[in-house]
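Please read them against the model.

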Amino acid sequence: MRKFRRLGICAAAILAGVVLPFSYVQAEEEDNKEVREAGIMTERQLGIKALPDSGEAARFTYQSGLDFEYPDAVRGIYVTGPSAGGAKMEELTKLVEDTELNAMVIDIKEDHGNITFEPEEGSPYAEVAEPFIDDPRAMLEELESKGIYPIARVVVFKDSLLAEKRPDLSFTENGQVWKNGKGESFVNPFMEEVWEYNVELAKQAAELGFEEIQYDYVRFPEGFGEREDILTYGQGKYADLEMDHVQKRVQAVTDFVEYAKGELKAYDVDVSVDIFGYAATIPEAPNIGQNFSKISSNVDVISSMIYPSHWGSYFGIAKPDEEPYRLIDEYAKVENEVLGKLEDKPTSRPWLQDFEAPWLYSGATKQYGKAEVEAQIKALNENGIDEFLLWNAGNNYTSNVDYTPMN
């Protein structure tokens, strides 16, 4: 959906009781954040319950009271909770104001399961709140005044806090919640209670005034197919389906995306999903359950994470990190072909690289500056893809970049 004005009326009766993107890597590199200890949450506090039966779409549209115009093409940056709630927000806002950038993807639920603002009293998310953003509504009003399009990032199935509190919603090994090599845990995409937990938070973000919900980590853990036999976990309604384990994973991930979009219809927000870049180049990613075409068919925006540093030798390019233009150009051709086959294709808005990848080099690291960022954007634009997002985990973006190099 593309919104040049918010339509509809506030349907309080409908909403009664509702309080409430890392790319493919050769080594599948992710941010190295330490796992923070979870607060004790009771089952009552979590507020997780069985999903209700789907009914007819709401006749009215929730109106947040804010009015954002969808840009000519979204050109955005990633903003962490600490940045959004701290002094760095002024610097980032000025960057967007002073350039052809026009959007921010702001963490609302981050990689360990914390939410980045203080929820209402009694909220099931109170125990996982790290309120970096003191007043999210005031922040959004400021963005509205400056014409900056706000996108709420919600990390879904990577959630160490919920996994530790509810092992039955996670994966266990020898009676303990399973952790990956970085000490991070995932919750189980087969469990519909997890779906609702994340979607109800997305609804709260929409009520605050965000124009779009971007779901990240919409997948099983990396390499899941290689360890599924040694882990204990439920399959919920998927247990009795007559399909192999790969197809069950694909079905669960796709169903979540369809459910999430359906639940947000009454909020007049776009729904986007971050997805591994390589998923567009194969029928489906078997370990993690991502089928590019099926996910794309259920969202308004698809954001492939195509950082050149996060590919092995691909498209005949031995070292993609050293050839950003060529990597993005080759990828864009493949994506266009895949999306072109869909009856109702989403907007393509890939994640691009604005950071260095020292883990790839034993000597001097390839530097990413103005030329490298512009090369990636140019490659997209030449393939008819006008929207993009820039990733830098520390929110330190290259200066003096021409974000519309084709103009």
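Is Asn 395 buried or exposed? Asn 395 is buried, at 0% relative accessibility; buried means under 20% relative accessible area and exposed over 50%, with partly exposed in between (1.4 Å probe, protein chains only).

This is a predicted model, in which local features need pLDDT of at least 70 and side-chain atom pairs count only at pLDDT 80 or more, while totals for chains, interfaces and linings use all residues. Residues are numbered from 1 along each chain as its sequence is written, and side-chain values use heavy atoms, with hydrogens and water left out.

1. Asn 395 has a positive phi of about 60° although it is not a glycine. Asn 395 lies in the segment after strand S13 (388-391); helices (H or I, at least four residues) and strands (E, at least two) are DSSP runs, numbered from the N terminus.

2. Asp 268, also not a glycine, has a positive phi of about 55°. Asp 268 sits in the loop between helix H8 (245-263) and strand S9 (270-276) and is buried, with a relative accessible area of 12%.

3. The largest nonpolar core has 116 residues; such a core is a set of buried Ala, Val, Leu, Ile, Met, Phe, Trp, Tyr and Cys residues joined through side-chain atoms within 4.5 Å. Helix H7 (residues 192-208) gives the most to this core, with nine residues.

4. Helix H10 (residues 324-339) and helix H11 (residues 370-382) pack at an angle of about 25°, with their axes 8 Å apart. Axes are lines fitted to C-alpha atoms, for helices over the stretch in contact (heavy atoms within 4.5 Å), and angles run from 0 to 180 degrees between N-to-C directions.
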